[in-house]
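Hi,

Here is the structure I promised to pass on. Have a look at it, then read my notes below.

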Amino acid sequence: MAKILTDSEMFDIIRRAPQEIDDSGQYQRFLEALGDLIADHFGGTRSTVTNDPGDGLGYTCAFHVNENVPADGGVYRRYDKDVKWKNGKEAECRN
């Protein structure tokens with residue numbers, strides 16, 4: 001018999017993934033798949049997933065703007081404020 005999960009339960013599994021996946025290679029593949037899912041639904045192109053403990057960021061996933069990202073930057077506009085996506089173009093923000 002199938003287990004039926006609610007959307008909240010599925011989000012909880014994703015939230016707990018760093019504690020549940022103990023192999024770094026498997027975790028990196030999980031992040032690549034999650035990045036692909038994000039790009040498939042919100043635009044953009046998933047690029048590299050990296051882990052550099054020395055930078056203080058831990059694992060990161062690079063995304064590039066494409067024609068499927070809304071003109072205002074879509075869901076990405078809240079993150080990495082050093083780069084701005086507007087009307088399908090990428091620009092470095094100057095402070």
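First, a term you will need: a salt bridge is a side-chain nitrogen of Lys or Arg within 4 Å of a carboxyl oxygen of Asp or Glu. Searching the whole structure turns up five salt bridges. The general idea is that side chains of opposite charge can pair when their charged atoms come close.

Before the details, some housekeeping. This is a predicted model, where local features need pLDDT of at least 70 and side-chain atom pairs count only at pLDDT 80 or more, while totals for chains, interfaces and linings use all residues. Residues are numbered from 1 along each chain as its sequence is written, and side-chain values use heavy atoms, with hydrogens and water left out.

Now for the pairs. Asp 12 and Arg 15 form a salt bridge at 2.5 Å, N to O. They sit three residues apart in helix H1 (residues 7-20), so about one helical turn separates them. (Helices are DSSP runs of H or I with at least four residues, numbered from the N terminus.) Asp 12 also has a salt bridge with Arg 16, at 3.0 Å, N to O. Those two are four residues apart in H1, which again means about one helical turn.

How open are these residues? Here buried means under 20% relative accessible area, exposed over 50%, and partly exposed in between (1.4 Å probe, protein chains only). Asp 12 is partly exposed at 27%, Arg 15 is exposed at 56%, and Arg 16 is partly exposed at 29%.

Another salt bridge links Asp 72 and Arg 77, at 3.3 Å, N to O. Asp 72 is partly exposed at 40%, and so is Arg 77, at 47%. Back to the shared partners: salt bridges join Asp 12, Arg 15, Arg 16 and Glu 20 into one network.

Next, the helix packing. H1 and helix H2 (residues 24-42) pack at an angle of about 155 degrees, with their axes 10 Å apart. Axes are lines fitted to C-alpha atoms over the stretch in contact, and angles run from 0 to 180 degrees between N-to-C directions. H1 and H2 are therefore roughly antiparallel, a label for angles over 145 degrees.

Which residues make the contact (heavy atoms within 4.5 Å)? On H1 they are Ile 14, Ala 17 and Pro 18, and on H2 they are Tyr 27, Phe 30 and Leu 34. Six of the contact residues are nonpolar, with no polar and no charged ones. Nonpolar covers Ala, Val, Leu, Ile, Met, Phe, Trp, Tyr, Cys and Pro; charged covers Asp, Glu, Lys and Arg; the others, Gly among them, are polar.

Cheers

Terms used
Angles under 35 degrees count as roughly parallel, over 145 as roughly antiparallel, 65 to 115 as roughly perpendicular and the rest as oblique. Contact means heavy atoms within 4.5 Å.
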